[in-house]
Every structure is written in C-alpha cells, then in structure tokens.
Amino acid sequence: MPAVAARLDCLFVLRMSMERLEEQLTLVEEPPGATFRRAFDAAIRQLVTHVNRPMFQVFVSKVKPLECANNVATLGVRNELDRSWLSSRYGRMIGNAIATQLGHPVTVEFVPLPPETDDHLPPEMTLSDSEPQTRMSKPLAPLPLPHFMPGLTFDTFVVTPSNRHAEASAQAVVTGPGTRFNPLFIFGGVGLGKTHLLHAIGVETLQRRPDTRVACMTGEAFADQYITALRGGCIDEFRRMQRSVDLWLIDDIQFIAGKERTQEEFFHTFNALYQTGKQMVLVSDKPPKGICDIQERLRSRFEHGMMAEIQYPKADERAAILLDKAKAERFDLPMDVVHFIADKIQSSIRTLEGALTRLISQVSLTAEPPSIAMASAILGGFFIDSQPQRQAVSVDAIQKACCKYYRIELDELVGTRRTSSVAEARKVAMYLARENTPLAWKAIGRHFGGRDHSTVLHAHRSVAQSVGQSSELDNALREVMRLANGR
Ligand code: ADP
Ligand code: MG
C-alpha cells in the first residue's frame, strides 16, 4: 500500500507541476487576469455540481471575476443585495474553491458593479408599442434581485391532497408562464405553504430561465413602494419597473385592501402585465370574495385566472410533512411521536415546524431519545396555541366578524331578510356562536333578533353537515373566527 500511495503522490506532484508549468506558459502569452478568470470559472464549475442549490446557481451565474491581488479575489456582483447574500452564505466556500485552483490561500471580496459596466446582465426588455404608459426612452435598469427565502423550493414542498392542486398549478406556471393560469391566485390559511409555493415558482423559473425579470413582494411592500415613489417624484420609474417584469409574484395581497390609490395603481399594473402576457401569481389568506374593502374590478380580475386553495391538512398529511421535515434534519423521530404531535398540532405547518425545532433542541440538550412524554412536556404551549378557535369569544364579536367577512350590516344579520348571502352569514354566525361560546340555543337566539331555539338548532345542524365538505364554508368558518379573535 505505501508503494501505491507513493506512486499516487508522485503522479499528483507531476500533474501539479505540469499544470503549474502550463500556467507559467500561458501567463506569458495571456493578458493579465486570465489565470484568475480561469481559476474562477473552474472553481464555480466545480461548486455548482456539488452545491445543488438553485439560488446558489442563479446568484453565481451573475458573478464576474475582476482581479486577484495580494491573495484577495475581487468579484463583481450586480448590486448590494447580491453582495450581502453571497458574502454571508458563500463567500468562504467560493474563496476556498478559488484557492484550490490557484494553489494559494485567497479571501473573496464582492463589489457591486455600476449598471453600465454590468455587461453580464440579461439584455434589456423592450416594451411593446401597445403600452404607451410605460414606453420611455431610458433603458431599463436591472430589477433588484428578489429576496427568496432559502429552502422554499418545490423539492422541499411535501405534496398532500390538501395542497396538491395549488402545487400542480404552481408547477404549471413555471412550465407555461403567461398562458392558461394567469393570474394564478393561491389562497389558504396562515402557515400552510402559500409563500413557500410562491418562492418556489420564482426560484425554479430563475433556475430554468435566468434571464427572466422576476419581481416578488408583498402587497404591503407594493403599497409602500408606490407611496414612496409618489412622494419622491419617481412614479414613472416605479411604473416602468413594475410593468417591465415577466413574472410578478405578489404575496399577501389582502394588505392592499382599504388602500384606494394603491388599488388603483395595482389595477393598472395588473392590466399592463396581463395585456402583454406576463405571468402573475397572487397569494392571499382569503379567496377574492372574502377580501373586504377591495375594488370589485380587482376582485373579478383575481377570479379570472386559476384559483387554487391550500386547505388545512388532515392529521395523516401533517404526519407526512412532519416526518419529511424530521428526515431533512436527519432527526430520528419515532412514528408514535410523529402521530402524537400531528394529532395535537392542527393549526399550521409553521407551528408544526416550530414544534419540531423545539423537540430537536431538547434532544440535543438532554441526549435523551424523543418520546411522547418529552413531546407532551415541552410542547404544551404549542398545543394551546393550536386551538385558537376554542378561546372564549362573545356572540357580538362573532357577529361583527361575520358581517365583515360577508360584507353585510349587523341589522341585516340579525334581521329577517332571507337573501342567500345574508341567510348563509346568519347560519354561520349561529353555528359559530354555539361552537365557541357557552350559551344555550335560546340565549343565542336572543342575540339574533329574538329567534327561538329551534331556528338556531336548525341553522347549526345545517352548517355542521357541510363542515369538511365545502372548502368555501370551511374557509369562511376559519376566517370569521380569526376576525372574531382579533387576529
Ligand atoms: P403561508 O405563506 O401560507 O402563511 P408559509 O409558506 O410561510 O405559509 O409556510 C410556513 C412554513 O411551513 C414554511 O417554513 C414552509 O416551508 C412550511 N411548509 C408549509 N407547507 C409545506 C409543505 N407542504 N411541505 C413542506 N413545508 C411546508
Ligand atoms: Mg405567507
């Protein structure tokens, strides 16, 4: 064996010396910096095959090797955002890879390049003549790179019956943007994976087509940027940027509710993008008709494309997701503990993740294997949090929440009108009052204009029969309770 090792060493030294010799020779012929650029290219080629993270690939494909002097490799990046993202996550790794290629230690420094020297950026998009509002003589500035949260990709998204439709629609948007599913409107309760899918669409699109102009922001950020642009006198620039994107990802759209001017702007941006066949994905915690204080014309546009709901996962789906997350952390979670947690935590995947993190840290602190007793002891707080609908609320709060959700007045809710939307709201309010307050049928009836107990009982039964059968109803029940609890 030592003889083989010695021969391998010998071969290695020989190969290194040949490479060095080649390098020396090319140094004579090549322009300054060529060795560094070659080392950089080789280092990145090697890293990309080992680090199979889409965002890494997207980011590094935009990096430009500038120079290497005094063991400092200077790399050009598109903007400040890229600089901080790359240096915090991959600075050392890229430095080590370049050092291996060059044969001496290297530290890496990322410097944002001014746009005019940024010749590695995607070609500018030209706007069509059919868009007079957005046609300008100035070239388009590069969009700030969307801030996608690491790990929110299709690979890490566990597909279950509750989210299958939304996931398939999201995939369809990546493969055929701007076609059938435009806009794609994803909605569902808090912590169920809406943002995860939205970011996955952005990450996957950039991975497949790095030149795509992607904007990803919340409805609130859109409103803030719009107001800032108005105040700062750069509204044209704001419009140009918004309308120049190929993929428009807007999270938590419900935040533009009640903001008239923002909605106006949103409407025109939406139309401009729609007319030019650009893909839009909108995310909300409610279906369009559940969003209060939103213009009717926006609501109808939201409903115009594909609507995909993420429903609350059932116990076995929660168990599957928990198991997958534990595996990703290489954490050995016995099946009885998986089912125990999945049964107890019903509120959201986010809460489920929080519980897992707590359990992992407890196990690493105590070195005890995870058990039901341990889970029960440390996750008590989570279990209480996960049952918000059981908190005491008043009938008044439920009625107000119902009026808000169904957009009707209180006197209509407690009155005698029988139009279908009022009648449905009334039944829902009665059902929730019975489920969430200690009041008897008769007492609840008194809150609804003195109705007798059989009316309340009948309403309760009719809603109870549909629970779990209609996602629209389930969503309404959840949302009304969320509003009633002031969340
Ligand atoms: P929402 O935007 O619906 O409030 P998020 O997308 O932020 O929820 O999801 C909350 C957390 O749960 C995130 O960490 C996300 O990765 C995780 N999550 C949600 N659904 C899934 C799923 N189906 N598979 C894996 N992780 C999920
Ligand atoms: Mg979200």
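Visitor: Is tyrosine 274 buried, partly exposed or exposed?
Guide: Tyrosine 274 is partly exposed, at a relative accessible area of 37%. Buried means under 20% relative accessible area, exposed over 50%, and partly exposed in between (1.4 Å probe, protein chains only). This is a predicted model, where local features need pLDDT of at least 70 and side-chain atom pairs count only at pLDDT 80 or more, while totals for chains, interfaces and linings use all residues. Residues are numbered from 1 along each chain as its sequence is written, chains are lettered from A and ligands numbered from 1 in the order written, and side-chain values use heavy atoms, leaving out hydrogens and water.

Visitor: OK, how many aromatic pairs are there?
Guide: There are 11. Rings of Phe, Tyr and Trp (its six-membered ring) pair if their centres lie within 6.5 Å; planes under 30 degrees apart are stacked, over 60 edge-to-face, the rest tilted.

Visitor: How are the rings of tryptophan 248 and phenylalanine 266 arranged?
Guide: Their centres are 4.9 Å apart and their planes at 40°, so the pair is tilted. Both residues are buried.

Visitor: And what about phenylalanine 270 and tyrosine 274?
Guide: That pair is stacked, with 6.3 Å centre to centre and 10° between the planes. Phenylalanine 270 counts as buried, at 2% relative accessibility.

Visitor: Switching topic, which ring does the charged end of arginine 297 sit over?
Guide: The ring of phenylalanine 267, 3.7 Å from its centre. "Over" requires NZ of Lys or CZ of Arg within 6 Å of the ring centre and within 35 degrees of the ring normal.
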